Amino acid sequence: MASSGDAEGSLTPVDFIQLQHYMEDSSLRVKDVIKEFHAGGRLAQHRFGECMDAVGFSLFLKTYLEVDDFPADFSQRLFYYFQHVDQDGSNKCSLPKGGRVSLSDVSCYFSVLEEGQPREKLEFTFKLYDKDCNQLLDSSEVDRIITQMMRAADYLGWDATELRPLLKEMMTAFDVDDSGYVTLEEWVKGGMNNVPLLVLLGLKMTERDGQHIWRMKHFNKPTYCSVCQNMLLGLGKQGLCCTCCKYTVHSRCANKNPEPCSRTFVKSKEEIGIAAHDWIRADCNSNKCQVCHKKIKTLAGRRCVWCQELRHDECIFSGLSSCDCGPLRNHILPPWAIFPISKEEDSSLLNVTPDGHILQGLSLKATKGQSLVANFSRRGHKEAMIFPVSDRHPLLVFVNPKSGGMQGERVLRKFQYLLNPRQVYNLSNGGPAPGLHFFRSLHQYRILVCGGDGTVGWLLDAIDKADLQVRHPVAVLPLGTGNDLARCLRWGGGYDGSNLREILKEVEASEQVPMDRWSIQVIPEDPQDAGDPVPYEIINNYFSIGVDASIAHRFHSMREKHPRRFNSRMKNKLWYLEFATSETISATCKKLKECLMIQCCGRSLDLSSMSLEGIAVLNIPSMHGGSNLWGESKKCDGAPEAEHSEVITDPELLKTVSQDISDRRMEVVGLEGAIEMGQIYTKMKSAGHRLAQTSQITIRTIKALPMQIDGEPWMQPPCTIHITHKNQANMLMAVPTKPSGFFHLK
């Protein structure tokens with residue numbers, strides 16, 4: 001990190017990235033924080049007219065970003081940044097008198113960067129600079145707003161070469177009556193109709209089907225605007241690119257009526273089932289036309305959104321008009337399978353969610369045969385039907401954008417391009433239920449959930465609640481930290497950015513397997529002393545008491561208190577190592593056998609001869625991000641055969657028992673301490689102490705102990721715990737891969 005003396009009034013790219021991470025972890029809004037600077041607020045003493053001092057600025061950051069230990073040097077650099085940048089964006093040489101910054105400028109800057117609806121942002125910005133509350137902005141106030149937008153664009157990596165004149169032109173256009181002032185109505189109306197501004201604000205708007213979902217993008221190779229056909233120039237993010245169809249334009253050309261985005265449904269009954277191409281203007285990179293087989297010059301051709309076929313403009317109607325959806329045909333839900341049956345022939349019936357992605361907030365209305373009638377609009381009652389596509393298994397995709405850092409967002413965008421956006425769901429918008437309802441009556445489809453083990457459990461719970469006639473199989477793209485379930489199903493320990501087309505091939509070749517799921521009931525001994533809330537009522541992976549739960553609880557508590565210290569997988573592993581070391585020294589779970597009693601199908605386990613600090617109840621052969629606590633089972637000559645019974649506790653028989661995620665049995669393992677856990681993880685030791693394999697477990701504790709379910713820890717007062725079989729989920733297991741494959745264990 002650069003020091004404050006390196007370049008006063010400027011921030012490094014590292015500074016911007018760090019600031020972005022802080023903002024992602026904050027739940028507060030700027031408009032809530034600035035209230036503290038008003039009369040009677042706890043920060044009012046640091047406000048001087050329209051400015052605040054350095055102490056107030058530091059407190060603003062700590063309050064807004066919800067961080068008690070925000071770095072003082074970083075706060076100082078940000079303070080200098082707001083002092084030194086003039087209205088035209090140039091750096092000043094000396095500090096303003098009084099060592100203060102504008103509260104409005106700081107608030108406007110951060111409000112542009114945070115999530116929210118564009119109308120709300122526009123109105124908030126207007127009110128910030130309308131100091132006399134006369135509902136008018138003069139030219140100087142508009143220029144100050146442009147300055148803050150330029151700062152935000154700089155932070156987001158935009159190339160500002162054409163952005164400043166574009167913003168100035170936009171602001172001039174706002175003054176419709178040429179009065180020299182901009183009214184609130186002019187400001188909001190002009191802003192809501194300006195594409196570059198909306199992209200800068202986050203594109204939180206309602207759109208019609210066929211309109212592009214823009215995002216600013218940096219292009220590493222020569223790229224041309226599809227509107228003016230000139231090259232996109234610049235060092236930063238040079239232009240706008242549609243997430244769904246990859247249509248690319250200059251920022252200044254986005255308002256010039258570009259060609260529509262690809263359709264996601266058909267608007268007439270006559271189009272149902274007709275597999276027609278959807279052609280989008282594209283730079284075909286001198287590839288050959290698939291009709292005349294001649295090279296296609298720059299922007300002289302088109303690409304079909306569904307089958308990816310390339311043709312010259314003049315060859316579009318020469319070749320076959322039927323589209324087979326190309327290599328991904330078995331995964332794509334084509335637009336000609338979706339039809340709105342509303343009486344209103346208005347394409348606005350299909351809206352965009354608050355985060356700018358295509359709305360699939362659908363609810364079941366009626367079922368007829370194999371088709372689905374769904375409500376396509378949250379505000380209206382316009383309906384749509386899904387017609388089954390023969391010999392195909394459309395893929396219903398759920399993505400947790402918060403998993404894997406920025407990986408979740410990138411995966412979401414890529415799937416929206418590869419598939420029909422209507423089959424790709426952002427789990428931040430209403431969870432899994434809308435997608436499950438939309439696909440409810442289709443008999444042949446697969447599900448892909450992109451996230452960590454917690455996201456997978458969330459989806460499986462939603463499938464239970466949806467009460468579907470058919471439980472469709474679920475594949476996993478691991479975006480979390482541990483990803484134990486994904487490892488067991490051969491999907492790997494973490495997505496490494498591999499080509500999603502190859503991953504879809506793996507999904508198509510995968511095998512369906514049933515997986516046991518378990519109900520857990522925790523009954524406190526004293527109802528008045530319930531302790532922390534139990535995180536889950538269902539176990540998909542494992543349940544544990546003692547040493548590993550203690551480490552996880554320390555990690556969880558520290559991360560809740562200081563989220564900025566836990567912003568990467570490597571840092572998380574180092575923190576785990578530190579907590580494991582301290583747990584080894586303190587041995588808080590020593591003599592665990594004196595604190596609990598375990599019964600497996602009514603049979604008590606004898607722990608008297610063991611020195612254990614942890615008990616793990618396993619459903620899958622992976623824990624702690626890849627540890628196999630049960631270990632491999634080998635049949636020795638002359639050893640007795642383990643019978644398929646409800647409970648096995650005999651040590652000799654347990655040596656031959658293997659784990660199976662679908663045998664309606666759980667394995668009980670004892671752990672001596674944190675050192676043994678580390679030895680198993682590094683494969684210095686083959687396994688923990690096998691205690692039992694059972695179909696039912698009861699555990700009674702006599703003191704407060706740390707516990708965890710599927711990686712979510714809590715501190716539990718004395719209680720009785722019952723674990724019983726709930727049901728089985730249909731999962732997809734990837735085919736075994738070579739070490740160089742796309743899915744590999746880590």
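Ser622 sits in the loop that runs between β25 (614–618) and β26 (647–648). In this predicted model, Ser622 counts as buried, at 5% relative accessibility. The side chains of Ser622 and Asp484 make a polar contact at 2.7 Å.

**Ser622 and the protein as a whole**

- Apart from neighbours within four places in sequence, Ser622 is in contact with Asp484, Arg487, Cys488, Tyr542 and Ser627.
- Of the contacts in the protein with a separation of 6 or more, 70% are between residues 24 or more positions apart.
- The secondary structure of the protein consists of 19 helices and 32 strands.
- The protein has 746 residues, and buried residues make up 53% of them.

- Asn426 belongs to strand β17 (residues 424–426).
- With a relative accessible area of 8%, Asn426 is buried.
- A polar atom of the Asn426 side chain lies 2.9 Å from the backbone nitrogen of Ser428.

**Cysteines**

- How many disulfides does the structure hold? The number is zero.
- Cys307 is in no disulfide, and the nearest cysteine sulfur to it belongs to Cys304, 3.6 Å away.
- Cys307 counts as buried, at 10% relative accessibility.
- Cys315 is likewise in no disulfide; the nearest cysteine sulfur is that of Cys289, at 3.9 Å.
- Cys315 has a relative accessibility of 9% and therefore counts as buried.

**Aromatic rings**

- The structure contains twelve aromatic pairs.
- One of these is formed by Phe60 and Phe110, whose ring centres are 6.1 Å apart; their planes stand at 45°, so the pair is tilted.
- Phe60 lies in helix α3 (residues 54–65) and Phe110 in helix α5 (residues 103–113), so this pair ties together parts that are 50 residues apart in sequence.
- Are Phe60 and Phe110 buried or exposed? Both are buried.
- Phe438 and Phe439 have ring centres 5.7 Å apart and planes at 80°, so their pair is edge-to-face.
- Phe438 and Phe439 are both buried.
- A cluster linked by ring pairs takes in Phe37, Phe57, Phe60, Tyr64, Phe79, Phe82 and Phe110.

**Charges over rings**

- Arg100 lies over the face of Phe48, and its distance from the ring centre is 4.0 Å.
- Lys246 lies over the face of Tyr417, at 4.9 Å from the ring centre.

**The β6-β7-β8 sheet**

- Three strands form an open sheet in the order β6-β7-β8, and their pairing is antiparallel.
- Which strands stand at the edges? They are β6 (214–217) and β8 (248–249), each with a single partner strand, so one side of each is left without a neighbour in the sheet.
- Four bridges join β6 to strand β7 (residues 239–242), in the antiparallel sense.
- Arg215 has Cys241, in β7, as its bridge partner.

**Positive phi angles**

- Most residues other than glycine have a negative phi. Two residues with a positive value are described here.
- Arg664 is not a glycine, yet its phi is positive, at about 60°.
- Arg664 is found in the loop between α18 (651–654) and β27 (666–671).
- The relative accessible area of Arg664 is 43%, so Arg664 is partly exposed.
- Lys683, also a residue other than glycine, has a positive phi near 65°.
- Lys683 is placed in the loop between α19 (674–681) and β28 (689–694).
- Is Lys683 buried or exposed? At 66% relative accessibility, Lys683 counts as exposed.

Conventions: Residues numbered from 1 in each chain as written. Heavy atoms only, no water. Disulfide = S-S within 2.5 Å. Buried < 20%, exposed > 50% of the residue type's maximum accessible area, 1.4 Å probe, protein only. Phe/Tyr/Trp six-rings, centres within 6.5 Å; stacked < 30°, edge-to-face > 60°. Helix = DSSP H or I, 4+ residues; strand = E, 2+ residues; numbered from the N terminus. Lys NZ or Arg CZ within 6 Å of the ring centre and 35° of its normal. Pairing = 2+ DSSP bridges. Polar contact = N/O pair within 3.5 Å; in protein donor to acceptor, adjacent residues only side chain to side chain. Contact = heavy atoms within 4.5 Å.
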